[in-house]
Amino acid sequence: SAASDVYKRQVLLEGESGTGKELAARALHRNSHRSGKPFVAINCAAIPETLLESDLFGHERGAFTGAASLKKGRLEIADGGVVFLDEVGELALGLQVKLLRVLQEREFERVGGTHPIKIDVRLIAATNRDLAEAVRKGEFRQDLYYRLAVMRLTMPPLRERREDIPMLTRHFVQKNAKRCKVKPKPVSREAMAALVNYEWPGNVRELENAVERALVMGSSEMVLLEDLPESLLEQASAEDAHEGRYHAHVKEVKKQLILDAVEQTRGNYVEAAGILGVHPNYLHRLIRNLGLKEELNDLLRVRSKVS
C-alpha cells in the first residue's frame with residue numbers, strides 16, 4: 001500500500017525552506033525497517049561542488065593534493081540506513097550522473113578509486129525548488145528526478161496549517177526550555193493569537209526561533225506579546241489599523257494611557273511602564289508601533305519649558 005511504501009522507497013520531500021523537511025525525513029526513517037541503521041544528512045547547497053563529491057563518495061589515499069589517507073564518504077557510512085540529501089536541486093549535473101548510478105547499480109567508486117563498492121542505502125531527498133520545472137529547463141536530469149520521486153510528499157507552509165501552531169509552539173517551549181536550561185512557560189492568549197495570525201515566511205524554523213527568543217528574553221512567568229520578535233508585533237499592529245471603529249478606539253485609548261503615564265513620570269519610561277503594568281521594552285515597542293515617538297518628544301519639550 002502507499003502508506004507502507006513511503007517507509008520503504010525513495011521519497012522526494014518538496015516545500016518552502018523551513019517547513020520541516022528534515023524532520024519529516026527523520027520521521028520516515030524512524031518508522032521504517034532501517035530505523036536501527038544510520039541516518040546521514042548532507043546539504044547539497046552548503047558544500048562547494050569540489051568538496052561535495054569527496055563528501056558523498058569518499059576518496060582514496062593520494063586521490064588529490066591533501067588526501068593523505070583513505071576517507072569513507074557519507075554513502076558508505078550510511079550503508080544499511082538512509083542518506084538524506086537536502087537541497088538536492090542544487091546538485092551539479094556531473095554529480096547527478098554519479099548519484100543516478102548509485103540508485104541504479106547500488107554501487108559507487110571513491111574519488112581516485114577503481115573498484116566498485118556495493119552499498120544498500122535508501123535515499124530521501126528534499127528541495128525547495130520546482131524540480132519538474134528544473135527538468136524542463138535542463139537544469140536537473142529527468143532520469144534522476146524520476147528515480148528520486150518514486151514517492152512525493154509536499155510539506156505545506158506554516159501559514160496554510162495555522163491549526164498546528166499552538167501544538168508546535170508548546171512542543172518548542174518544552175524542547176528549548178530543556179536545551180537552554182530555563183523553566184518552561186505557558187504562552188499568553190495575546191501572544192498565541194499573534195503567533196497563529198502571523199504569516200511565517202520562515203515557516204517552522206522561524207517559529208522555533210521566535211519561541212526560543214521569547215523563553216530566553218522574557219522576564220515574566222509567561223510568554224507575553226512583548227517577548228515576541230518585532231516582525232510579529234509589526235504585523236499585529238498593521239492588522240489593528242484595518243479592523244474598524246472598535247480597534248481604532250482601543251488604539252486611541254492606548255495612546256492616551258501612554259501619553260498620560262510618560263507625562264506623569266516626566267519622561268521616565270521605566271516608571272511609566274510600571275504605572276501601565278508592562279515591561280519597559282514592551283512600552284518602547286508600543287510607542288514605536290503606535291507612532292507616538294514625535295508626539296511624546298513634543299509633549300516633553302513643552303513640559304520642560306513650562307517647568
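Visitor: How far apart are the end C-alpha atoms of helix H8 (residues 165–180), and what should its 16 residues span?
Guide: The 16 residues of H8 should span 22 Å at 1.5 Å a residue, and the end C-alpha atoms are 21 Å apart, which agrees. The expected span is 1.5 Å times one less than the number of residues. Helices (H or I, at least four residues) and strands (E, at least two) are DSSP runs, numbered from the N terminus.

Visitor: What sort of model is it, and how are residues numbered?
Guide: It is a predicted model, in which local features need pLDDT of at least 70 and side-chain atom pairs count only at pLDDT 80 or more, while totals for chains, interfaces and linings use all residues. Residues are numbered from 1 along each chain as its sequence is written, and side-chain values use heavy atoms, with hydrogens and water left out.

Visitor: Back to H8. Which residues are buried there?
Guide: Ile165, Leu168, Thr169, Phe172, Val173, Asn176 and Ala177. Buried means under 20% relative accessible area, exposed over 50% and partly exposed in between, with a 1.4 Å probe and protein chains only.

Visitor: Where do those sit around the axis of H8?
Guide: Seen down the axis, the buried residues of H8 fall within an arc of 160°, so they line one face of the helix. The arc is that of the directions from the helix axis to the C-beta atoms. On the other side of H8, Arg170 and Lys178 are exposed.

Visitor: What do the buried residues of H8 pack against?
Guide: Helix H9 (189–197) and helix H10 (203–217). After H8 comes Lys181, whose phi is positive, near 55°.

Visitor: New topic, strand S5 (residues 82–86). How many of its residues are buried?
Guide: Five of the five, so S5 is largely enclosed by the rest of the structure. Val82, Phe84 and Asp86 are buried on one side, and Val83 and Leu85 on the other, so to speak of S5 is to speak of a strand with both faces covered.

Visitor: Which strands pair with S5, and in what sense?
Guide: Strand S2 (residues 39–43) runs parallel to S5, joined by five bridges. Val40 stands opposite Val83. Strand S8 (residues 122–127) also pairs with S5 in the parallel sense, over four bridges, and Ile124 in S8 is the bridge partner of Phe84. Two strands pair if DSSP finds at least two bridges between them.

Visitor: How many aromatic pairs are there?
Guide: Four. One of them is Phe57 with Phe108, which is tilted, at 5.9 Å centre to centre and 45° between the planes. Rings of Phe, Tyr and Trp (its six-membered ring) pair if their centres lie within 6.5 Å; planes under 30 degrees apart count as stacked, over 60 as edge-to-face and the rest as tilted.

Visitor: Which elements hold Phe57 and Phe108?
Guide: Phe57 lies in helix H3 (residues 49–57) and Phe108 in strand S6 (residues 107–108), so the pair ties together parts 51 residues apart in sequence. Phe57 is buried at a relative accessible area of 3%, and Phe108 is buried at 2%. Tyr198 and Trp200 form an edge-to-face pair, at 4.6 Å centre to centre and 85° between the planes. Tyr198 is buried at 7%, and Trp200 at 0%.

Visitor: Last one, His59. Buried or exposed?
Guide: Buried, at 8% relative accessibility. His59 is in strand S3 (residues 58–59). A polar atom of the His59 side chain lies 3.4 Å from the backbone oxygen of Ser69.

Definitions and conventions. Polar contact = N/O pair within 3.5 Å; in protein donor to acceptor, adjacent residues only side chain to side chain. Contact = heavy atoms within 4.5 Å.
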